[in-house]
Amino acid sequence: MAGYYLMPPVNLMGRGSLQKTGSWMEKLGGRKALIVASIGEYGDLQGSMVLEVLKVHGLEGDVFPGAGPNPTDVMVEEAVGRYFGQKCDCLIAVGGGSAMDCTKAASVSIGRIDEKSQKGEGRKDRPPFIAINTTAGTGSEATSFAVITDSANHRKITVQDWTLMPDVSINDPDLMLSMPPGLTAATGMDALSHAVEAYVSTEASLFSDGIALQAIRTIFRWLPMAVRYGDSIEAREAMCNAAFMAGVAFNNAGLGYVHALSHPISAMYGAPHGLVNAILLPVVERYNLPAAATKMATMGSVIDEATYDRYGIDHSGFRTAEKAEKVVEAMADLAKEIGITDGLSSLGVTENSIDDLSLAASKEAIGINNPRKGVLQEIRELYIQAL
Ligand SMILES: [Fe+2]
């Protein structure tokens with residue numbers, strides 16, 4: 001299949017990576033960065049931490065702690081205004097998916113405004129962009145996707161363009177040590193859903209398969225450790241790598257029904273993305289079995305290898321169909337092992353809303369690469385099973 005593979009050109013991984021932010025900003029030609037962080041005190045702290053790192057190199061920054069959990073067009077405009085008001089020349093996002101998405105959208109507006117100011121003399125590239133990840137889950141630091149909420153119409157808009165890809169991604173496990181167990185579990189299961197959906201996607205390639213499988217192996221091996229022993233650098237570093245690989249995999253292979261069914265729930269109930277995905281993953285992959293049995297069985301071998309120390313299970317003698325079935329059970333077991341035991345009803349989802357949710361999910365473009373295509377009634381049944 002002809003195509004192209006996308007990922008950031010430079011990806012810093014491991015302890016001490018944060019300290020290299022300044023030298024990479026210099027290499028990219030930046031002197032003053034707009035540092036986009038999450039809303040509130042936590043964002044303030046993370047932004048200040050980056051500012052201190054820049055000062056070592058004699059660089060400047062302005063902290064904008066204004067990226068809310070579901071970043072809106074209003075927040076993006078605020079970031080753009082601040083960028084020009086403070087005479088910044090590059091962008092740094094620090095945080096999870098919200099800070100990244102807000103920065104990606106702002107970078108497009110900044111590029112366009114610069115283009116206008118040049119009176120049509122050609123498009124100026126968006127400013128240099130460094131993405132510092134503080135959660136091991138969304139993979140946003142490695143993707144060219146941004147999800148922005150249209151505040152007037154209360155609608156989530158997914159944008160994808162290669163120009164949204166950060167120039168440098170940074171994954172430093174020291175930044176993840178303070179993540180509480182619940183957040184570690186939810187973001188880790190989001191990463192697993194990225195890797196699994198990319199692996200069984202109709203757009204999967206040899207390239208995406210390789211990194212998706214390695215991400216699945218790593219998550220099954222290390223996520224319970226990262227949840228139980230949050231201060232384990234080894235577990236945090238493994239999860240950094242896994243979430244990053246899962247991000248690259250889905251950026252190149254697409255996603256499926258887990259995300260297509262998950263987005264309407266988050267939009268309607270404000271439920272945490274990773275938690276919803278963790279609940280939906282075994283349900284959707286059981287549904288996908290007839291269309292992806294061989295790939296599921298391969299996944300089974302990888303999961304057996306990753307969990308042998310904990311469970312001592314070896315399915316190598318099983319036939320493909322049995323093995324694939326066990327994979328679905330393993331996904332549900334992993335969620336339970338890290339404390340995700342309830343269904344969608346625990347998040348407030350009721351049977352009355354399932355018709356609306358199903359209709360919205362059927363319109364989600366993100367489900368287009370799911371290996372099995374369902375009619376509205378089938379999507380409805382998936383929601384009911386996940387309640
Ligand atoms: Fe996701």
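## The iron site

In this predicted model, the iron ion is held by four residues: D190 through OD, and H194, H259 and H273 through NE2, at 2.2 Å. Donors here are N, O and S atoms within 2.8 Å of the metal (3.2 Å for Na, K and Ca), and water is not among the atoms, so sites may look incomplete. Along the sequence, the donor residues follow the spacing D-x3-H-x64-H-x13-H. D190 sits in helix α5 (residues 181-200) and H273 in helix α9 (residues 273-311), so this pair ties together parts that are 83 residues apart in sequence. Helices are DSSP runs of H or I with at least four residues, numbered from the N terminus.

How exposed are these two? D190 is buried at 4% relative accessibility, while H273 is partly exposed at 24%. The cut-offs: buried is under 20% relative accessible area, exposed is over 50%, and partly exposed is in between (1.4 Å probe, protein chains only).

## Salt bridges

Side chains of opposite charge can pair when their charged atoms come close. The count comes to 10 salt bridges, each a side-chain nitrogen of Lys or Arg within 4 Å of a carboxyl oxygen of Asp or Glu.

One of them joins R217 and E305, at 3.2 Å from N to O. R217 lies in helix α6 (residues 206-228) and E305 in helix α9, so parts 88 residues apart in sequence get tied together. E305 is exposed at 54%, but R217 is partly exposed at 25%.

## About the numbers

Residues are numbered from 1 along each chain as its sequence is written. Local features need pLDDT of at least 70, side-chain atom pairs count only at pLDDT 80 or more, and totals for chains, interfaces and linings use all residues, while side-chain values use heavy atoms, leaving out hydrogens and water.

How values were computed:
Helix = DSSP H or I, 4+ residues; strand = E, 2+ residues; numbered from the N terminus.
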